[in-house]
Amino acid sequence: MKHFLLIDIDPEHIPLIADRIEHFCQRAGMNLEDSFKVKICATEAINNAVEHAYHFSRGNIDIDLCIEGNEIVVKISNDVPVAADSFSTVAEPDPGNERGRGWQIIEAWSDRSCVCRSEARTTVRLYKRICN
């Protein structure tokens, strides 16, 4: 099963897109808790693209959902390269700052994750095992 969305993203539509991602995971046999975790990780990656690539405006985001073996793979790509230090791992978020926790959530709730950059695109890949 594979699902692909090319979206001219409007930040107001992110919750609807996140619900579609969660529904895809559930249809693939993922339990409710893990489907929710994939939804939140994908939402964080989409929000990062909206903020860092498109500066809170509209832009194209590709969302590729597929099953590889016993894993859901979510690929979220935008047409803007991101600086190498945009996805740094921070051991502890600053308790005085409400921002900057997205990547920690992605690392904690996905089984694996990576950021792939080229001169033209940035892609975040999230992997989560299907466990019932």
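Predicted model: local features only at pLDDT ≥ 70, side-chain atom pairs only at ≥ 80, totals over all residues.
Residues are numbered from 1 along each chain as its sequence is written, and side-chain values use heavy atoms, with hydrogens and water left out. A cavity is here a set of points, on a 1 Å grid over the protein atoms alone, where a 1.4 Å probe fits but cannot get out, and its lining residues have an atom within 4 Å of a point. Grid points are joined across faces, edges and corners, the volume being the space filled by probe spheres set on the points. Two cavities of 30 Å³ or more are present in the structure.

The lining of the second largest cavity consists of V38, C41, I72, V74, W109, S110, L126, Y127 and K128. Helix 2, strand 3 (71-78) and strand 5 are the elements that each give two or more residues to this lining, helices (H or I, at least four residues) and strands (E, at least two) being DSSP runs numbered from the N terminus. Strand 5 supplies the largest share, three residues. By class, the lining comprises seven nonpolar residues, one polar and one charged; Ala, Val, Leu, Ile, Met, Phe, Trp, Tyr, Cys and Pro count as nonpolar, Asp, Glu, Lys and Arg as charged, and the others, Gly among them, as polar.

W109, one of the lining residues, also takes part in an aromatic contact. One aromatic pair was found in a search of the whole structure. In this pair, F36 and W109 are tilted, at 6.2 Å centre to centre and 55 degrees between the planes; rings of Phe, Tyr and Trp (its six-membered ring) pair if their centres lie within 6.5 Å, with planes under 30 degrees apart counted as stacked, over 60 as edge-to-face and the rest as tilted.

Eight salt bridges were counted, each defined as a side-chain nitrogen of Lys or Arg within 4 Å of a carboxyl oxygen of Asp or Glu. K39 and E22 form one of them, with the closest N and O atoms 3.3 Å apart. This bridge connects helix 2, through K39, to helix 1, through E22, across 17 residues, and both partners are buried. Within helix 2, K37 and E33 are four residues apart, about one turn of the helix, and form a salt bridge at 3.4 Å between the closest N and O atoms. K37 is buried, at 17% relative accessible area, whereas E33 is exposed, at 53%.

D111 and R129 meet in a further salt bridge (3.4 Å, N to O). D111 lies in the loop between helix 3 and strand 4 (112-117), and R129 in strand 5 (residues 122-129), 18 residues apart. D111 is partly exposed, at 28%, as is R129, at 39%. Both belong to a network of salt bridges that also includes D34 and K128.

Definitions and conventions. Buried < 20%, exposed > 50% of the residue type's maximum accessible area, 1.4 Å probe, protein only. 1 Å grid on protein atoms, 1.4 Å probe; cavity = no way out; pocket = protein on both sides within 12 Å on 5 of 7 lines; lining within 4 Å.
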